[in-house]
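Me: I would like to go through the labels attached to this model and ask what each one rests on. Please set each value against its cut-off.

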Amino acid sequence: MGGKAIKSPFDVTIYKERRAAILQEMPKNSALLLFAASEKTRNSHTHFRYRQTSDLLYLTGLQEPGSALLLCKHAIKKSSHVFVREKNPAMEQWDGRRLGVKSAARFLGVTESIPIKALEKSLPQLLDGTEFLYFDFGKNHGNDRIVSRVLSSMRSREKRGVVSPTHIVDPRTVIHAQRQIKSSAEIRKMSESAKVAAKAHAIAMSMVEPGMFEYELQAGIEFVFAQSGAAAPAYTSIVGGGANATILHYIENNCKLKNGELVLIDAGCELDGYASDITRTFPVNGKFTPPQKDMYQAVLAAQQASFNQIKVGATLEDVHQAAIRSLCESLIEMGIVKGSVDEAIEKKKYSPYYMHGTSHWLGMDVHDVGPYRVNKTPTKLEAGMVFTVEPGLYFQASQKDVPRELRDHGIRIEDDIVVQKRGYKILTEDAPKTVKEIEAQCRKRPKWN
Ligand SMILES: [Mn+2]
């Protein structure tokens with residue numbers, strides 16, 4: 001096989017196990033069909049960097065566009081089929097290497113590989129006898145049309161004995177429960193991803209100085225990602241100085257950082273398909289003012305209160321409520337909110353200053369799969385679940401209850417957590433976090449290696 005650059009994040013046996021576990025969950029006479037992500041145009045003739053759908057990547061390791069996976073569970077046998085683009089030296093010279101049909105079956109450990117251009121012709125035969133078809137209708141119109149044509153072609157031949165699917169099922173119902181609980185191999189990847197991001201945040205602290213631009217810190221952070229083999233940031237890096245830190249999804253990153261301001265960085269990388277997600281907030285001149293320190297300690301205390309809730313059987317709702325209670329206590333202490341803590345919680349008096357959730361699942365997607373509630377009951381934490389804990393406080397210029405010196409300030413502190421049988425582990429603990437650790441890190445020179 002040509003193309004040494006083609007590789008998968010895990011050994012082929014891991015993908016086989018994952019597919020076997022999915023087939024186990026599927027009923028008899030069922031099939032699951034997943035299409036690759038399509039390439040997205042950025043402008044003119046250029047594309048965004050290609051990113052495979054997480055489900056297909058999870059089940060195959062296949063990074064190529066123009067591909068698909070079909071898993072079949074028929075009465076007597078299970079089988080797996082991949083569809084890929086054929087080798088084409090001329091096209092490959094322009095657009096990159098292809099696995100090719102010949103190599104794909106062995107490389108991916110599947111029953112057979114078929115050219116993608118033969119997909120529509122092959123499906124009626126491969127799906128004959130299938131009652132339940134797991135297919136994500138409504139996600140991509142082109143793929144919807146292919147499957148619709150396949151279904152009507154099969155139905156038109158029922159008189160001749162063809163058995164076509166009677167039930168279309170959402171594939172998330174079988175894949176996402178499995179993706180939500182991370183295996184030890186996945187936790188190792190996530191831990192690696194977290195370590196790279198933690199190092200990047202530490203570098204940013206040692207780089208920062210008044211007069212620097214936000215995008216310079218972004219470049220420093222993303223240099224560490226690349227240097228460590230991470231394919232890309234897991235999401236667009238947020239670097240907001242001063243008032244920009246109060247904009248939750250600020251990605252312009254084009255302002256000058258001023259003496260006396262704080263800078264908020266929310267950035268994580270994607271390493272072998274697994275995301276990290278860290279936020280740190282630190283002083284541009286390396287030293288917190290006393291009011292900034294108080295505000296910072298309030299957010300840090302809220303995060304610790306959240307951590308204290310984490311155990312098997314607890315919920316992200318518990319984690320969130322703990323952060324809110326702690327933030328309310330601090331807001332009252334700072335004189336920003338009046339009245340009792342219970343009243344502040346009940347009347348949501350914290351919401352002008354803390355308007356987002358405390359956690360989201362983390363995995364291959366930065367906002368990873370898995371339900372937050374089932375039948376209105378919050379999902380109970382289990383060992384192997386990974387999520388963020390990211391409380392914050394955001395004070396706007398217009399908020400006259402806030403001490404003048406803290407207006408136009410945003411602070412968020414975010415770490416990545418894996419639930420363990422007993423307790424939990426912070427995957428991102430290498431990123432300096434206490435006032436003392438941050439100020440010490442700001443005094444250091446950047447150490448790139
Ligand atoms: Mn996050």
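Reply: The model is predicted.

Me: What makes Arg-51 and Glu-270 a salt bridge?

Reply: The N to O distance between their side chains is 2.9 Å. The cut-off is 4 Å between a side-chain nitrogen of Lys or Arg and a carboxyl oxygen of Asp or Glu, so the pair qualifies. Between domain 1 and domain 2 the count is 2 salt bridges.

Me: Why is the pair of Arg-18 and Glu-186 called a salt bridge, and which parts does it tie together?

Reply: The side chains meet at 3.8 Å, N to O. That value is within 4 Å, so the label holds. Arg-18 is in helix α1 (residues 12-25) and Glu-186 in helix α8 (residues 184-207), so the pair ties together parts 168 residues apart in sequence.

Me: How do you know whether Arg-18 and Glu-186 are buried or exposed?

Reply: Buried means under 20% relative accessible area. Arg-18 has 6%, so Arg-18 is buried. Glu-186 has 2%, so Glu-186 is buried.

Me: What do the same tests give for Glu-86 and Lys-117?

Reply: Their side chains form a salt bridge at 2.9 Å, N to O. The pair links distant parts of the chain, 31 residues apart: Glu-86 is in the loop between β5 (78-84) and α3 (89-95), and Lys-117 in the loop between β6 (112-115) and α5 (119-127). Glu-86, with a relative accessible area of 34%, falls between 20% and 50%, so Glu-86 is partly exposed. Lys-117 has 68%, which is over 50%, so Lys-117 is exposed.

Me: Which residues are linked in a network of salt bridges?

Reply: The network consists of Asp-55, Arg-179, Lys-182, Asp-365 and Asp-368. Within it, Lys-182 and Asp-368 have their closest N and O atoms 2.8 Å apart. Lys-182 lies in the loop between α7 (172-180) and α8, and Asp-368 in the loop between α12 (341-346) and β15 (373-374), 186 residues apart. Both Lys-182 and Asp-368 are buried. A search of the whole structure finds 24 salt bridges.

Me: What makes Ala-322 buried, and which residues is Ala-322 in contact with, leaving aside neighbours within four places in sequence?

Reply: The relative accessible area of Ala-322 is 12%, under the 20% cut-off, so Ala-322 is buried. Ala-322 lies in helix α11 (residues 316-333). With those neighbours left aside, the contacts are Ala-305, Ser-306 and Gln-309. From Glu-92, Ala-322 is 230 residues away in sequence and 54 Å away in space, C-alpha to C-alpha.

Terms used
Residues are numbered from 1 along each chain as its sequence is written. This is a predicted model: local features need pLDDT of at least 70, side-chain atom pairs count only at pLDDT 80 or more; totals for chains, interfaces and linings use all residues. Side-chain values use heavy atoms; hydrogens and water are left out. Helices (H or I, at least four residues) and strands (E, at least two) are DSSP runs, numbered from the N terminus. Buried means under 20% relative accessible area, exposed over 50%, partly exposed in between (1.4 Å probe, protein chains only). Contact means heavy atoms within 4.5 Å.
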